[in-house]
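This briefing is meant to be read alongside the sequence and the model. It begins with a single residue and then widens to the sheet and the domains.

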Amino acid sequence: MSANELWERMRANQSGIGLATVYRALNRGVDEGRLVAVGLEPGSVRYEAADLAHHHHFLCSACSRAFDLIGCVRSLEKLLPDGFEMTNHEILLYGNCADCREAS
Ligand SMILES: [Zn+2]
Ligand SMILES: [Zn+2]
C-alpha cells in the first residue's frame, strides 16, 4: 500500500494526522526491518511487511492498485545468457483487476 493510500485510510479513522507523519512511520518501519519499500511505478513507492514469503505483484492499469501474487515462475534461469548467475528477481504483471473489468 502506498503512503497516500495508508494516509487516506488513517484519515478516515482519526482526523488530523499528516502525510509527513505517515511517511515517518513508514520510514521507521523500513529502518527497523519490519517493512520493505517496493517501487512498482516511477514516483510511487509502496510498502509491505518484510516477512512476506517470496511473491510478485500485479498492477492494475485502471485503478493503480497493486495486488500480491502468490507463487513464482520456474526456470527463469533459462533466460540468462551463458555464464550469468541469477541471485534475485522481481516480476510485475500489468492488466485490469477483477473490479475494473466488471466496471468497464
Ligand atoms: Zn483495478
Ligand atoms: Zn519469484
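Leu76 is exposed, because 11 other C-beta atoms lie within 10 Å of its own; under the scheme used, 12 or fewer such atoms make a residue exposed, 20 or more make it buried, and counts in between make it partly exposed, with C-beta atoms placed from the backbone. The model is a predicted one, in which local features need pLDDT of at least 70 and side-chain atom pairs count only at pLDDT 80 or more, whereas totals for chains, interfaces and linings use all residues. Residues are numbered from 1 along each chain as its sequence is written, while chains are lettered from A and ligands numbered from 1 in the order in which they are written.

**Surroundings of Leu76**

- Leu76 sits in the loop between strand 4 and strand 5, where strands are DSSP runs of E with at least two residues, numbered from the N terminus.
- Leaving aside residues up to four places away in sequence, Leu76 touches Met86 and His89, a contact being two residues whose C-beta atoms, placed from the backbone, lie within 7 Å.
- Between Leu76 and His89 there are 8.8 Å from C-alpha to C-alpha, at a separation of 13 residues in sequence.

- Three strands make up an open sheet of mixed pairing in the order 4-3-5, and two strands count as paired if DSSP finds at least two bridges between them.
- Strand 4 and strand 5 (92–95) are the edge strands, each of which pairs on one side only.
- Neighbouring strands of this sheet are turned against each other by 30° on average, direction ignored, with axes fitted as lines to C-alpha atoms and angles running from 0 to 180 degrees between N-to-C directions.
- Strand 3 (residues 55–60) pairs with strand 4 (residues 66–70) in the antiparallel sense over five bridges, and His55 has Ile70 of strand 4 as its bridge partner.
- Strand 3 and strand 4 form a hairpin with five residues between them, and Ser64 in the turn has a positive phi of about 65°.
- Strand 3 also pairs with strand 5, in the parallel sense and over four bridges, with Leu93 of strand 5 as the bridge partner of Phe58.

**The domains**

- The protein is divided into domain 1 (1–52) and domain 2 (53–104), with bounds that come from an automatic or database domain assignment.
- The centres of domain 1 and domain 2, taken over C-alpha atoms, are 21 Å apart.
- Four residues from domain 1 and six residues from domain 2 take part in the contact.
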